Amino acid sequence: MKNAKIVVDKDFIVGEVDKRLFGSFIEHLGRAVYGGIYEPTHPEADELGFRKDVMEFVKKLDVPMVRYPGGNFVSGFNWEDSVGPREERPKRLDLAWFTTETNEVGLHEFADWAEKSGSDIMYAINLGSRGPESARDVVEYANHPSGSKFSDMRIANGRKEPFGIKLWCLGNEMDGPWQMGQKTAKEYGRIANEASKMMKWVDPTIETVACGSSSSEMPTFGSWEMEMLDECYENVDYVSLHRYYANPTGDTPGFLARTMDMDDFIKSVAAICDAVKGKKHSKHTVNLSFDEWNVWYHSSEQDKEIWKQDKWNRALPLLEDIYNFEDALLVGSMLITLLKNADRVKIACLAQLVNVIAPIMTRNGGGVWAQTIFYPFMHASKYGRGTSLKTLVESPTYSCTDYDNVPYIDSTVTVAEDGSVTVFCVNRDMEEDFDLDIDLRSFGELKLAEHIVLHHDDVKAINTEENPDNVAPTAGPGGVIENNKAKIKIPALSWNVIRFE
Ligand code: AHR
């Protein structure tokens, strides 16, 4: 048994947790839309063709906002193809994922689904193969009340009231050679600036997100942010961050330490935003949108085989990572990292939501089930809203390939509007349980309401349609609280949610 200690004070605040920190992402990719949220022939389909059973799982995650329709897909997408009578919508070759996009589901249908799911839309525009003009047009189509070409087109297509989309991505990963219409930082910064300006002239209430580097591992990371922000700083509200982690060698301690990298990434991008702010003598603060984050590697080889056999088909089963228990621990730790940085990270999207590197899996014509990563996301979305507190963690540390001084206990604390306090905690120790002392000074009388644990003896354990609860949360061992000091037992290798009321 090892010991660790947490100290929190209700007055030591990181920041308010923006509910959009618990966003997700649905791209026209693989079976995310077709065979995921939408399957009109499924017994569970509603009158619009959306699977009600899948929507129930989405609702359990309480996702306040979903990024749509891409991703790489958006860089070759014509939004006009996705509206109007369905039978007239074109089938297009999607050069991002080598599939055929049928446009059966478009902006109107997705907005119906999002409304039913209780989510807002974060809409990505195409700044790859297209430019500011189509960006302006789609804002007019979506948000202008009436009396103009595109707003009247929306009304003619059956939607009188504007969609009122408030958050817009200015393209996707425009630094990547895999992207249709890849750009240099300067080229992108110019285009993003003009697009954002024109979009905001159509609807001054919207916010826009400029593309940061597609990963902190890009050779241009850092200089890309500097140069492109130099062109568009005053006209954008957020910079995007994308990061996926992998464990191809089975190095669990090293894998679980990857959030050290995520934290550095966030701090570096925030510093660059502020450096540009300083250089420009600006009063405007650009915040961060971590709009793609997850584990992604399990399906990479499988995808190559799929493309060898079946290029250009509709809804290929791509990026169908099957997540194991250690992935859930890293996802928990990534959520803790986002919460710790809630002062600057206002938006985050777990990429993605259904079937494609997703917490929710479906079988065409069959069931729906929760992957391992579903649970930490559900817990954070449910209990992580409110205020993020500065959390002092004293924990023994370990070294691994990329890092020294990795704390075994990764933890953060939030306080909700009703005064309840939640401690999120990952124990990265493969062998040993911890006695965790939690000093809750200044909170007044609190009682231990609940201790939830996610643990499995096998780090590679997964959930399947036949065995959906193999990795699922259980009641934790809990502990005692006296004079605002709690002592909680944290099992080896576990995700923990400790709630005080
Ligand atoms: O989420 C899958 C893909 O990952 C997205 O389309 C792209 O933006 C990123 O490279």
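How far is the sulfur of Cys273 from the closest cysteine sulfur, and in which residue does that sulfur lie? The sulfur of Cys273 is 9.7 Å from that of Cys232, its closest cysteine sulfur, which is too far for a bond.

The model is predicted: local features need pLDDT of at least 70, side-chain atom pairs count only at pLDDT 80 or more, and totals for chains, interfaces and linings use all residues. Residues are numbered from 1 along each chain as its sequence is written, and side-chain values use heavy atoms, with hydrogens and water left out.

**Cysteines**

The structure holds zero disulfides, a disulfide being a pair of cysteine sulfur atoms within 2.5 Å. Cys349 is likewise in no disulfide, and the nearest cysteine sulfur, that of Cys169, is 7.0 Å away. Cys273 is buried at 0% relative accessibility, and Cys349 is also buried at 0%. Here buried means under 20% relative accessible area, exposed over 50%, and partly exposed in between (1.4 Å probe, protein chains only).

Strands (E, at least two residues) and helices (H or I, at least four residues) are DSSP runs, numbered from the N terminus. Two strands pair if DSSP finds at least two bridges between them.

Strand β1 (residues 2-7) runs parallel to β21 (residues 434-439), and six bridges join the two. Within this pairing, Lys5 stands opposite Asp437, and Val7 stands opposite Asp439. Strand β1 is also joined to β16, here by three bridges in an antiparallel arrangement. Ile6 has Val393 in β16 as its bridge partner. In a regular strand the side chains alternate between the two faces of the sheet.

**Salt bridges**

Side chains of opposite charge can pair when their charged atoms come close. The structure holds 43 salt bridges, each defined as a side-chain nitrogen of Lys or Arg within 4 Å of a carboxyl oxygen of Asp or Glu.

| Salt bridge | Closest N and O atoms |
|---|---|
| Arg51 and Asp53 | 2.8 Å |
| Arg130 and Glu80 | 2.7 Å |
| Lys304 and Glu301 | 2.9 Å |

Both members of the Arg51 and Asp53 pair are buried: Asp53 has a relative accessible area of 14%, and Arg51 has 0%.

The salt bridge of Arg130 with Glu80 links distant parts of the chain, 50 residues apart: Arg130 is in the loop between β7 (120-125) and α3 (132-143), and Glu80 is in the loop between β4 (65-68) and β5 (92-94). Arg130 is partly exposed at 24%, and Glu80 is partly exposed at 27%.

Lys304 and Glu301 are three residues apart in helix α9, so about one helical turn separates them. Lys304 is partly exposed at 45% relative accessibility, whereas Glu301 is exposed at 54%. Elsewhere, salt bridges that share partners join Lys447, Glu450, Arg499 and Glu501 into one network.

**A nonpolar surface patch**

Leu93, Leu95 and Trp312 form a nonpolar patch on the surface, with about 290 Å² of accessible area together. Patches are made of residues with over 30% relative accessible area and no salt bridge; like charges are joined within 9 Å, and nonpolar side chains (Val, Leu, Ile, Met, Phe, Trp, Tyr) within 5 Å. Accessible areas come from the Shrake-Rupley method with a 1.4 Å probe, and for residues only the protein chains shown count as cover. Trp312 lies in the loop between α9 (300-310) and α10 (325-340) and is partly exposed, with a relative accessible area of 31%.
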